[in-house]
Amino acid sequence: MFASSEQPRWAQGLNPDQWAAVSHEAASLQIVAGAGTGKTRTLASRVARLIDDGIRPDRILLLTFTRRAAQEMLDRVAALTDTRAAGQVVGGTFHSVANRLLRRFGAPIGLPTGFTVIDQGDAADLFGMVRAEHGMGERARRFPKKETVAGIYSRMVNSQANLTTVLDEAFPWCRGHDDDLRTLFGAYTERKRAQQILDYDDLLLFWRALVTTPATAATVRGLFEHVLVDEYQDTNRIQADIVAELCGGEAAVTVVGDDAQAIYG
């Protein structure tokens, strides 16, 4: 380890465990640590160390789960190394990075260049429109609200589970509407396609397609030498698939998480 007078900024104040993680040289690294152990500082220091080691910052991908967390992480990297270089790191949420990549590389997998992204509220409203068009809110037995329908659909996509499993595990009060929900999901998908719309779940599905489709996989995998993921315990099935596919190329992968705080249990 450096003498204190020779330490670069990213190395200053690291304890032995943090130093071991930051200086790790093998291709992949999984860091499991509890709250208050400096996970975010360790990940930012690792990014700064990679930049100081000569890795091009635009070949580093840093993924987090909120825009605020992503900006905080990039600000920490900038404080620990060259500010201009830190600004070239590709950082953001899974959804924001997916949006950028799909606009650059989405044509070979069938995406129109001018697609529109709708948020969760707009997705629920679209479900509400399709629900009304099919008369599903006018039946004697009360049909699930648009927000509930959107929640069922999103859980199916992100868990990659079938409708029966999702209803049994998370929405048991909606059992009995299985066939109508399948009809509604099909109509919703057709409406999105006709209007060139992607919802948040689509962003992840199409990013996974980018890294698994032969026409685009090598190009997209080759963009990054290092992929670092914060709060990895909160990745869903699709996000974990994306990280695994990126790791399947030349990229080294570092994931940081606290298994005691996983939102999926």
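Me: Buried, exposed or partly exposed: how does Gln-160 count?

Reply: Gln-160 counts as partly exposed, because its relative accessibility is 37%. The cut-offs: buried is under 20% relative accessible area, exposed is over 50%, and partly exposed lies in between (1.4 Å probe, protein chains only). This is a predicted model, so local features need pLDDT of at least 70, side-chain atom pairs need 80 or more, and totals for chains, interfaces and linings use all residues. Residues are numbered from 1 along each chain as its sequence is written, and side-chain values use heavy atoms, without hydrogens or water.

Me: In what order do the strands of the open sheet run?

Reply: Strands of a sheet pair through backbone hydrogen bonds, either parallel or antiparallel. Here five strands follow the order S1-S7-S6-S2-S3, with parallel pairing. Two strands count as paired if DSSP finds at least two bridges between them. Strand S1 (28-32) and strand S3 (90-93) are at the edges with a single partner each, so one side of each has no neighbour in the sheet. On average, neighbouring strands are turned by 10° against each other, direction ignored.

Me: How many bridges join S2 to S6?

Reply: Four bridges join S2 to S6. Leu-62 stands opposite Leu-228 in S6. On to the next pair. S6 and S7 are also joined by four bridges and run parallel. Val-229 has Val-255 in S7 as its bridge partner. Now look at S3. Strand S2 (residues 60-64) pairs with S3 over four bridges, in the parallel sense. There, Thr-64 has Thr-93 as its bridge partner.

Me: Which way do the residues of S6 point?

Reply: His-226 and Leu-228 point one way, Val-227 and Val-229 the other. All of these are buried.

Me: Which helix lies across S1, S2, strand S6 (226-229) and strand S7 (252-257)?

Reply: Helix H2 (residues 39-52) does, running at about 170° to S6. Axes are lines fitted to C-alpha atoms, for helices over the stretch in contact, and angles run from 0 to 180 degrees between N-to-C directions. Contact means heavy atoms within 4.5 Å.

Me: Where is the place of Leu-223?

Reply: Leu-223 is in the loop between helix H11 (217-221) and S6. Its relative accessibility is 18%, so Leu-223 counts as buried.

Me: What is Leu-223 in contact with, leaving aside its neighbours within four places in sequence?

Reply: The contacts are Asp-58, Arg-59, Leu-101 and Phe-105. Now compare sequence with space. Leu-223 and Leu-61 are 162 residues apart in sequence, yet 8.9 Å apart in space, C-alpha to C-alpha.

Me: Which helix gives the most to the lining of the largest pocket?

Reply: H7 gives the most, with five residues. Helix H5 (94-105), helix H6 (120-133), helix H7 (146-159) and helix H10 (200-210) each supply at least two lining residues.
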